[in-house]
Amino acid sequence: MKAAVFLKYGNNDVVDHIEIDKPQIKSPHEVLVAIHAASLNPVDFKIRNGKLKAIMRHQFPLIIGNDFSGVVIAVGDNVQKFKEGDEIYARVDKGRMGTCTEYLTIEEQYLAKKPRNISFVEAASIPLVGLTSWQALKDWGNLQSGDKVFIHAGSGGIGCFAIQLAKTMGLTVATTTSGKNANFVKQLGADIIIDYKTQDFTQEVSNYDMVYDTLGGDILNRSFSIVKQGGKVVTITATPDKQTLKELGANALLRFFAGIMTRKTTKLARQKNIRYGFLFMKANGDQLQQITSLIEEEKIKPVIDKTYPLDQTKDAMAYLEKGHARGKVVIEIKK
């Protein structure tokens, strides 16, 4: 079968397309899926660049991609919830990267039924951004109706989903985007829209319950100024904190250096008694099934920027890495 892969760590030149063996079910809890579409995410080029190799070790060639949609074509003996012919989507477990290919095996606990009212391409765009935002706003943030959340980069893949999810929760949403995308994020549900090219977000809003950071760096550190005393800041981009690294099994030396690198950020958090942390999303079929319900109720709609065929995955990666996608970039594998 065909697969888009990283041959080694490096720049986009290490992306290639190869033939590999079709996988076989090895566990009674696994299903075999024919993949129809897979999405690309910024974490993919971070893995390619080797930025995560200290906490995520991979063997090469490494199949690209973390989420997908498709059809179940075989099931293990102990699979309970799914059968042949079911249309599903999922985020693969962190140790099983590889969705830009024609088939894969996956344990049923990570699967959810594909929303009936959207296409396979649209469904493939959802699992990673959906679960990340669900776990950030609901699990980690425990935000309640009436709370205020600031979501950086509202027109990006995460932002498009997070704004819509936040509105289903009854939250007030402020976000940053460029002026040309202001109406777009307003239609998604954003209440306050800040043009990052002409406005300083720290001068526009204050006293927020939580910041959902997708950018890191100086943007992250400046975000503490708009959070209320005792509020929350969660990042999915910055250097992981020591506790997160410990949970991921990182060694003591790596945790020590992470402590040094995050010293300024943790100091800012302590000054206002702000809860700060790095979110490392976990695949979860039950949560994804709840997202399915929201999509079928038309409370959340997928946002697709561009689609590419499997043999143009290298071009798709290059486009995504420019950082200007409005919504998601998806690889269409079966039409």
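Strand 1 (residues 2-6) pairs with strand 2 in the antiparallel sense, over five bridges. This is a predicted model.

- Three strands make up an open sheet, and their order is 2-1-4.
- The pairing in this sheet is antiparallel.
- Strand 2 (15-19) and strand 4 (62-63) are the edge strands, each with a single partner strand, so one side of each has no neighbour in the sheet.
- Strands of a sheet pair through backbone hydrogen bonds.
- Ala-4 has His-17 of strand 2 as its bridge partner.

**Second largest pocket**
- The volume of the second largest pocket is about 570 Å³.
- Its lining counts 26 residues.
- Nearest the centre of this pocket lie Ile-63, Gly-95, Arg-96, Met-97 and Gly-98.
- Strand 4 and strand 7 (103-107) are the elements that give two or more residues to the lining.
- Strand 7 supplies the largest share of the lining, three residues.
- By class, the lining holds 14 nonpolar, six polar and six charged residues.

**Thr-292**
- Thr-292 belongs to helix 11 (residues 285-296).
- Its relative accessible area is 1%. The cut-off for buried is under 20%, so Thr-292 counts as buried.
- Beyond its neighbours within four places in sequence, Thr-292 contacts Tyr-89, Ala-112, Lys-113, Lys-114 and Pro-115.

Methods
Residues numbered from 1 in each chain as written. Predicted model: local features only at pLDDT ≥ 70, side-chain atom pairs only at ≥ 80, totals over all residues. Heavy atoms only, no water. Pairing = 2+ DSSP bridges. Helix = DSSP H or I, 4+ residues; strand = E, 2+ residues; numbered from the N terminus. 1 Å grid on protein atoms, 1.4 Å probe; cavity = no way out; pocket = protein on both sides within 12 Å on 5 of 7 lines; lining within 4 Å. Points joined across faces, edges and corners; volume = space filled by probe spheres on them. Nonpolar A, V, L, I, M, F, W, Y, C, P; charged D, E, K, R; others polar. Buried < 20%, exposed > 50% of the residue type's maximum accessible area, 1.4 Å probe, protein only. Contact = heavy atoms within 4.5 Å.
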